[in-house]
2 protein chains.
Amino acid sequence: MQAANRPSEDDLIARYFAPMAGEGGLLLKDDAARLTPPEGHDLVLTADALVAGGHFFPDDPATSIGRKALGVNMSDLAAKGATPLGFLLTLALPDDWAPDWLAGFAEGLREAAAAYRCPLLGGDTVAARGPLVLSITAIGAVPAGRMVHRFTARGGDRVCVTGTIGDAALGLALRRQPGGAWAAGLPLNHRVYLTDRYLHPRPRLALAAILRDHATAAMDVSDGLAGDLAKMARAGGLSAEIDTALIPFSPAGRSAMGADERLRDLMITGGDDYEILCAVPDARLAAFLDATAAAGVPATVIGSMVEGDGLPVFRDAGLERRYTRGSFSHF
Amino acid sequence: MQAANRPSEDDLIARYFAPMAGEGGLLLKDDAARLTPPEGHDLVLTADALVAGGHFFPDDPATSIGRKALGVNMSDLAAKGATPLGFLLTLALPDDWAPDWLAGFAEGLREAAAAYRCPLLGGDTVAARGPLVLSITAIGAVPAGRMVHRFTARGGDRVCVTGTIGDAALGLALRRQPGGAWAAGLPLNHRVYLTDRYLHPRPRLALAAILRDHATAAMDVSDGLAGDLAKMARAGGLSAEIDTALIPFSPAGRSAMGADERLRDLMITGGDDYEILCAVPDARLAAFLDATAAAGVPATVIGSMVEGDGLPVFRDAGLERRYTRGSFSHF
């Protein structure tokens, strides 16, 4: 029950959330949202929960948390070949929530909703004696029957990944131990870049249609390349062989590995990349790489899906490595 | 990051959640759900968060919490005239979660999903250092353009409510203070009934089509009759006049009021009824009441929507009452 001096849920909606509501959200004046699905399309739905202290630091910039909260769901939609339609938000607010924090969070969320053309459709705000927990359900659309699945890779498909891997894991490590040995010598621009990669996912929505056209299977890399690849392989009844030397690392990532070679495992297993991992048949590979380049999203072939049921093998200078604890889990 | 001796999220999915997944949930083997919307229909979406200690007692039966979690969302869909299609669940689990608890919760949720024909489509499970927070987004369908809104009542419409009002508020009061003065003299069967009403919402899905055919506006009564009626009136730019003597109370509710007349205000303002509140034009009233009776759901006329913008008036034996703190808020 609300204390007399605290804003009501209606106040919160009017002040913070109505500005990002789409038409389907009926300006949040109803108690449910309406969505007219585009004709001839399937819907793709994904839900993610984020907990203060687990998925973000309570003192991360509130706008960054807002952007990231929607961004991670957009990354899921992109990997499934879907275009965003809207989202619902539930928010469990701790007793000591600050209006400034909520204003910043809403600002970041609004920016993201505008950038991804993904309006707020509805939600719920409740009080909780504990860390802030936010949950977003995002809805996207794909032409009927064209959703790109995780479990549909085939043996011989090339394994491709977008962007660079491991930056966010390093950004998180920097956030946790800014004075760590490897971090001390890192140039400021690299530190800023890695921190930004941790705070601000760049969901690859530009690739949705390209994945539908060329990939046999796809997922976003949210829990670490090694673990997510293992999931994709297992879901398809396959294994995979990766050439570690082909994994795309950023200049900042390479600079960090130069200071401490052991960081490579962290980068390959760390979470929060929000890149796309996909399987592309040989016959489609050139067209896929052309299309991604034209979309301004670099994609790199790092290995192949192979028959078998073991963990993916990462080969490097004659050594073989299997990451048995390959996946960062937020759980 | 998970401790070595704890089940992974994949383990939890396989053990507890896959059994209630529908075809659209792809057996939860993908990282997003697919939903083919029924042709010629709009979707209705609603999200609710529940927090241990706020919306339920941590020692409530876990199966009851599972049933209630889905039930409250089904109640929203019913009030909008929608038929359930599926739901997504996010779960923030405290460090000390017990397998028995989760098994019971999943069992209750599975029962409810089967009863409401509303399969699990997807979700996310995360760890949280705090109370358990669960969030459900439910999706339903209505024939295109036929969603029943909250803000569309018209002056002169009759205000109707289903079932009985205030039972859950009494059930909650019993739960909090089993030894209270009014409770002491209550027969056991009444105590059991009231507790059941608090624990187990009965979403009025049987009324969805009837509301589409006859109601100008509807919502479910989740935050108390007085407060929810005020919301419906305000959303429509109206006020309302209620004859308190017409409000349907159960035998158990009447028995409690017999012991303490002051309980009536609690029953009119308390939450968790999960009945339907709707506005029906005079010309439709007989047909509406016939249809609800045929569906086995009692509905009662308790007053009228009227022009004006003040809080609804509750008239009783010459006295007028306005509930300024009329709504129980979970926030």
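A residue is termed buried if 20 or more other C-beta atoms, placed from the backbone, lie within 10 Å of its own, exposed if 12 or fewer do, and partly exposed in between. The model is predicted, so local features need pLDDT of at least 70 and side-chain atom pairs count only at pLDDT 80 or more, whereas totals for chains, interfaces and linings use all residues. Residues are numbered from 1 along each chain as its sequence is written, and chains are lettered from A and ligands numbered from 1 in the order in which they are written.

Helices (H or I, at least four residues) and strands (E, at least two) are DSSP runs numbered from the N terminus. In helix H4 (residues 167–176) of chain B, 8 of the 10 residues are buried, so this helix is largely enclosed by the rest of the structure. Among the buried residues of H4(B) are B:Asp167, B:Leu170 and B:Leu174. Contact here requires C-beta atoms, placed from the backbone, to lie within 7 Å. The buried residues of H4(B) pack against helices H5 (181–184), H6 (188–199), H9 (251–259) and H10 (263–269) of chain B.

The contact between the chains takes 54 residues from chain A and 54 residues from chain B. On the side of chain A that touches chain B, E2(A) provides the largest share, 9 residues. Strand E2(A) is also joined to strand E1 (residues 33–35) of chain B by 3 bridges, and the two run antiparallel; strands pair if DSSP finds at least two bridges between them. Within this pairing, B:Ala33 of E1(B) is the bridge partner of A:Leu45.

Inside chain A, the axes of helix H2 (residues 62–79) and helix H3 (residues 99–115) come within 6 Å and cross at roughly 40 degrees. Axes are lines fitted to C-alpha atoms, for helices over the stretch in contact, with angles running from 0 to 180 degrees between N-to-C directions. Angles under 35 degrees count as roughly parallel, over 145 as roughly antiparallel, 65 to 115 as roughly perpendicular and the rest as oblique; H2(A) and H3(A) are therefore oblique to each other.

Most residues other than glycine have a negative phi. A:Asp272, in the loop between helix H10 (263–269) and strand E9 (275–280) of chain A, has a positive phi of about 75 degrees, and it counts as buried because it has 24 C-beta neighbours inside 10 Å. B:Arg117, in the loop between helix H3 (99–115) and strand E4 (120–127) of chain B, has a positive phi near 50 degrees, but counts as exposed, with 12 C-beta neighbours inside 10 Å.

Methods. Contact = placed C-beta atoms within 7 Å.
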